[in-house]
Amino acid sequence: MVSSMDEGIGNITKALENTGLAENTIIVFSSDNGGNVNCVKEVTSSNYPYRGGKRALYEGGVRSPSFVWARNRISSLRSDAMIHVTDWLPTFWSLASLQGKLSPNNPIKTKPLDGVDQWLAISENLPSNRTEFVINIDPKPIACGHRVPHAGIRWKEWKLIIGQGGPPSGWYPAPGVEDLVNYCGPHDSYIELYNIIEDPSETRNVSDKFPDIVQMLTDKIKAYNATAVPMGNKKKDPASNPRNFNYTWMPWMDMVDRVPVGTYPLKDDLFQDEYGQYDIEPTMDACFADDETNLDMNSIEF
């Protein structure tokens, strides 16, 4: 996949150079989540030293690298500014307006945007224009993920998790890195508070030391949830399982006829069980091995 992307992106950049558009082009690479770990055994990755991975509220699931290329607009620098995926649209919009493509009083109207313009944070390494964002508010269990309602929010250096931060919830190092492997502490209250600046690997839950911050961030989550639109989750489709395609993540809707006999073709009732597990075979997660026996599923409300 990386080789194919390298070739394709090379073709695009060459075309931009050949047509004289490179000087007026910005290229962004970004991601929607951390690498997938602890689900399909043959398809995995490492987000080390960050905790967890895709589906988790921990940094390994929500922190992802990005880079921006813009000739003569950005010098070589690294930014650790707080930037959310919703910030890309207003950032691009602002750049287009600065180029004269959109006037300040342009007729294009939108509903209020969740994102903010982050161009100065990106191009000049200035502080971010945001101080908080909701990580997730999800009352439904998911395959290979949380089994109880969960929510998470980041405010300045603080992150609050209510319910379950994972799974995946451990640390999954690359081969040869063994100094921190799958350690996790008790989850007595299912309230986790981390100082992400001081503890980016989320090893120290300090919720008992800062109850006022826990309460303030809980109130923020409740306020966001009060304006949330109804969930639009789709049913699980077993035909998408990478096991059907030699453990490769890929589009599948146009390949249903090529799914091998005896695997998992499309069915009328796609939600096979409560969690949509099918044959996913997750590795046991040490942090949440006893969840279903020590937690009232109805005890967490937002």
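The model is predicted, so a few ground rules apply: local features need pLDDT of at least 70, side-chain atom pairs count only at pLDDT 80 or more, and totals for chains, interfaces and linings use all residues. Residues are numbered from 1 along each chain as its sequence is written, and side-chain values use heavy atoms, with hydrogens and water left out.

Starting with the overall layout, the chain holds six helices and six strands; these are DSSP runs, with helices being H or I over at least four residues and strands being E over at least two, numbered from the N terminus. Along the sequence they come in the pattern α-β-α-β-α-α-β-β-β-β-α-α. Of the 302 residues, 37% count as buried, where buried means under 20% relative accessible area, exposed means over 50%, and partly exposed is in between (1.4 Å probe, protein chains only). The accessible surface comes to about 18200 Å², with 54% of that belonging to carbon and sulfur atoms; areas come from the Shrake-Rupley method with a 1.4 Å probe, and for residues only the protein chains shown count as cover. Among contacts (heavy atoms within 4.5 Å) with a separation of 6 or more, 66% are between residues 24 or more positions apart.

Helix α1, residues 2–18, works as a quick geometry check. Just after α1, G20 takes a positive phi of about 75 degrees.

Next comes the sheet. Four strands form an open sheet in the order β3-β4-β5-β6, with antiparallel pairing; two strands pair if DSSP finds at least two bridges between them. At the edges stand β3 (132–138) and β6, each with a single partner strand, so one side of each has no neighbour in the sheet. On average, neighbouring strands are turned by 10 degrees against each other, direction ignored. Six bridges link β3 and β4 in the antiparallel sense, and I137 stands opposite A151 in β4. Between β5 (residues 158–162) and β6 there are five bridges, again antiparallel, with I161 opposite E192 in β6. Helix α5 lies across β3, β4, β5 and β6, and runs at about 115 degrees to β4; axes are lines fitted to C-alpha atoms, for helices over the stretch in contact, and angles run from 0 to 180 degrees between N-to-C directions.

Leaving aside neighbours within four places in sequence, I191 is in contact with L160, I161, I162, N205, S207 and V214. The C-alpha atoms of I191 and S207 are separated by 6.7 Å, although the two residues are 16 apart along the chain.

What packs together inside? A nonpolar core is a set of buried Ala, Val, Leu, Ile, Met, Phe, Trp, Tyr and Cys residues joined through side-chain atoms within 4.5 Å. The largest one has twelve residues: A151, I153, W155, W158, L160, I162, L193, V206, I213, V214, L217 and I221. Two or more of them come from each of β4 (150–155), β5 and α5 (211–226), and α5 gives the most, with four. Beyond its neighbours within four places in sequence, I213 is in contact with W158 and L193. A second, separate core has nine residues, including M82, F133, I161 and Y194.

Finally, the backbone has some spots worth a look. A cis peptide bond joins Y48 and P49, with omega about 10 degrees, and P49 sits in the loop between β1 (27–29) and α2 (59–62). That β1–α2 loop also holds R55, a non-glycine residue with a positive phi near 90 degrees; R55 counts as buried at 17% relative accessibility. Another cis peptide bond joins P167 and P168, with omega about 0 degrees, and P168 is in the loop between β5 and β6. In the loop between β4 and β5, K156 has a positive phi of about 50 degrees without being a glycine, and K156 is partly exposed at 42% relative accessibility.
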